[in-house]
Amino acid sequence: MSGRKGSRKGRKRKEAEAGVTTSKKRSKNDVNLNGAEQLESKILRIFLKYAHVKDPNRMEDMYVVEPYIGTDGMLQFCEDLGLEPEDPFMISLSYYMEAKDMGIYTQTEFLRGLCQLKCCTLEDIKKTIPKLRSIFSSDKVYTQEFSRVYKYCYDWACEPGQKSLGRDMALSLWRILLEPFHFEYTNQWLGFIGQQKENVRGIPKDTWLQFLTFISFVRNEGLEAYDADLGAFPCIIDAFVDTLKSKT
């Protein structure tokens, strides 16, 4: 009995250090909690395992408004799931959480995402990996959802205060997003943008979004039907198509 009490006290102490809060006071064994509250209670225990512990001597921690999982906790979370941080699953999970910033999950975001997925243990989260990865397949069933995840990624990955997505970050994201999606010109696009070091230092949001429209156009109409004179796409995509056509 003393061991169980000590464990409970230890968990409460860690909650206080991380700043974790619950929306309602928990009873001893969650006996009186309804289904939603039980789910939230269990998810908070997962969150606590990875949450950043505030250090009163650190200047940065003085301005923390809400408990969060930071870089160290995120890496451990991925390791416990058996995933690399760059796995497409992590992008899908961030989308479900509606995470605002890359590499950070606030308590609110973590609760929102796992409640929506109905996951209250690490094993539950692992079971969703095939489904969330399948968003990036070329199957028509997932095209609409892929579009929503793709559009979400731009603001999620942009540095605060920046009006465009950094070229290197855009390349990294395109590599993760497009390779499982089996777009036939992925490698050529990555190579083309990679060579534009002087001309392309950032990717505007319009270019990011229009490239997805371009993928759909090529799949439905074929590259031969692309006409730059119509002005339907950004100049950088026109230049890319010209490069492709010149090699055929």
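Modeller: A salt bridge is a side-chain nitrogen of Lys or Arg within 4 Å of a carboxyl oxygen of Asp or Glu. This is a predicted model, in which local features need pLDDT of at least 70, side-chain atom pairs count only at pLDDT 80 or more, and totals for chains, interfaces and linings use all residues. Residues are numbered from 1 along each chain as its sequence is written, and side-chain values use heavy atoms, with hydrogens and water left out.

Colleague: How many salt bridges does a search of the whole structure find?

Modeller: The search applies the 4 Å limit between nitrogen and carboxyl oxygen. Across the whole structure, the number of salt bridges found is six.

Colleague: Which residue meets D80 in a salt bridge?

Modeller: The N to O distance in this pair is 3.4 Å. D80 belongs to helix 3 (residues 71-81), and its partner, 31 residues apart, to helix 2 (residues 35-50); helices are DSSP runs of H or I, at least four residues, numbered from the N terminus. The partner is K49.

Colleague: Is D87 buried or exposed?

Modeller: D87 forms a salt bridge with R133, their closest N and O atoms being 2.6 Å apart. Buried means under 20% relative accessible area, exposed over 50%, and partly exposed in between (1.4 Å probe, protein chains only). R133, at 38%, is partly exposed. D87 has a relative accessibility of 12%, so D87 counts as buried.

Colleague: How many residues apart in sequence are the parts that D155 and K205 tie together?

Modeller: D155 and K205 form a salt bridge with closest N and O atoms 3.0 Å apart. Because D155 lies in helix 8 (residues 143-157) and K205 in helix 11 (residues 205-221), the parts tied together are apart in sequence by 50 residues.

Terms used:
Helix = DSSP H or I, 4+ residues; strand = E, 2+ residues; numbered from the N terminus.
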